[in-house]
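Dear colleague,

Please find below the structure that I am handing over to you, followed by an account of what was found in it.

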Amino acid sequence: MEITAALQHIKSVIKPDQALIHFPCLKGITTYRALFEALDIPLIGGSAESRYLSMDKLETRGVLLANNNVSCVQGLILNRGDPIPTENIKYPCVVKASKGEDSKSVRLVKDKQSLDAAIKHALTYSNQVIIERFIEGREIRCAVVKSEKTGDVQALSCMEYNVRQDDIRKTEDKLFCNENGLPISKPPNAKTWFLDPAEEDDLINRIQQQSRRVFQELDLQDFGLFDFRVDLEGNPFFLECNLFCSFGSQSVLNVIAKNSGFTDGSLFDLMVQNALLRKEKIY
């Protein structure tokens, strides 16, 4: 169907109570959400505007650094065409595009000879590149969910990824793709485990506190997944946020939520209730 007719059909014939977008790509997370917003159809996961912000690592970083309430990794910004300030770069460092998915644009650079290639690669994804200090240590993810009814912002269990201390988490550590580059499963080495509150209560509390701050400062809704790098002294540094969830039983948010006392049903019920309550507040 032609797009205008299709949107009219959705609005007037299908008349959905609400929508959940299943496209994990940039256009799916942003543009398609905006179409449903224009139709006044409640969306699980919040606004397209929040997605644009979270998908741009530079914009996210700017918001968090402005208020100085979240520990971010030290770094510098490079725009397309800018000279590379090699004298200000210390190795190892991490080069990443401001926009990119599943770490495809990210490279760990250990020497000056590898820097130029990493920057060129990142520039194929966006016009701005972030060069960050590499944090040797662990990689941990925390999830946050919010109740629209009570206003409660709850940080859930902390999940650790199987990552070498001297390396970054690459695309191949996250997804196993077919010959067309489409993800079909998780790789065999994609192991995770939950931090034990009896052993690492302080670290868990610090990561949860920072996750709630990121959620609130980015003005997010419903849920968020937040990645941190923890250095060898146990200090967490925010890396990025992820706002996609299919709400299937194997989705990362579902797995973390179940470790925190939710069921798949109760988690999805909360999301549905949130979206409907937001519509009631508008009208």
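Phe-223, Phe-247 and Phe-268 are joined into a cluster by ring pairs, where rings of Phe, Tyr and Trp (its six-membered ring) pair if their centres lie within 6.5 Å, planes under 30 degrees apart being stacked, over 60 edge-to-face and the rest tilted. Four aromatic pairs are present in the structure. Phe-23 and Tyr-32 form a tilted pair, because their planes stand at 55° with the ring centres 5.3 Å apart. Phe-228 and Phe-238 form an edge-to-face pair, with 5.8 Å from centre to centre and 75° between the planes.

The model is predicted: local features need pLDDT of at least 70, side-chain atom pairs count only at pLDDT 80 or more, and totals for chains, interfaces and linings use all residues. Residues are numbered from 1 along each chain as its sequence is written, and side-chain values use heavy atoms, with hydrogens and water left out.

Helices (H or I, at least four residues) and strands (E, at least two) are DSSP runs, numbered from the N terminus. E10 and E11 run antiparallel and are joined by six bridges; two strands pair if DSSP finds at least two bridges between them. Phe-238 is also the bridge partner of Phe-228 in E11. The two strands form a hairpin with four residues between them, and Gly-234 in the turn has a positive phi of about 90°.

Both Phe-228 and Phe-238 are buried, a term that means under 20% relative accessible area, with exposed meaning over 50% and partly exposed in between (1.4 Å probe, protein chains only). E11 is largely enclosed by the rest of the structure, because five of its seven residues are buried. By contrast, Phe-23 counts as partly exposed at 49% relative accessibility, and Tyr-32 is partly exposed at 30%.

The charged end of Arg-133 sits over the ring of Phe-237, 5.6 Å from its centre. The criterion is that NZ of Lys or CZ of Arg is within 6 Å of the ring centre and within 35 degrees of the ring normal.

Some backbone features also deserve a note. Most residues other than glycine have a negative phi, and most peptide bonds are trans. The bond from Tyr-91 to Pro-92 is cis, with omega near 0°, and Pro-92 is in the loop between strand E1 (75–79) and strand E2 (93–97). Asp-40 has a positive phi, near 60°, in the loop between helix H3 (31–38) and helix H4 (48–55); Asp-40 is partly exposed, at 38%. Asn-68 has a positive phi of about 55° and is placed in the loop between helix H5 (57–67) and E1. Asn-68 counts as exposed, at 63% relative accessibility.

Of the 283 residues, 45% count as buried.

With kind regards
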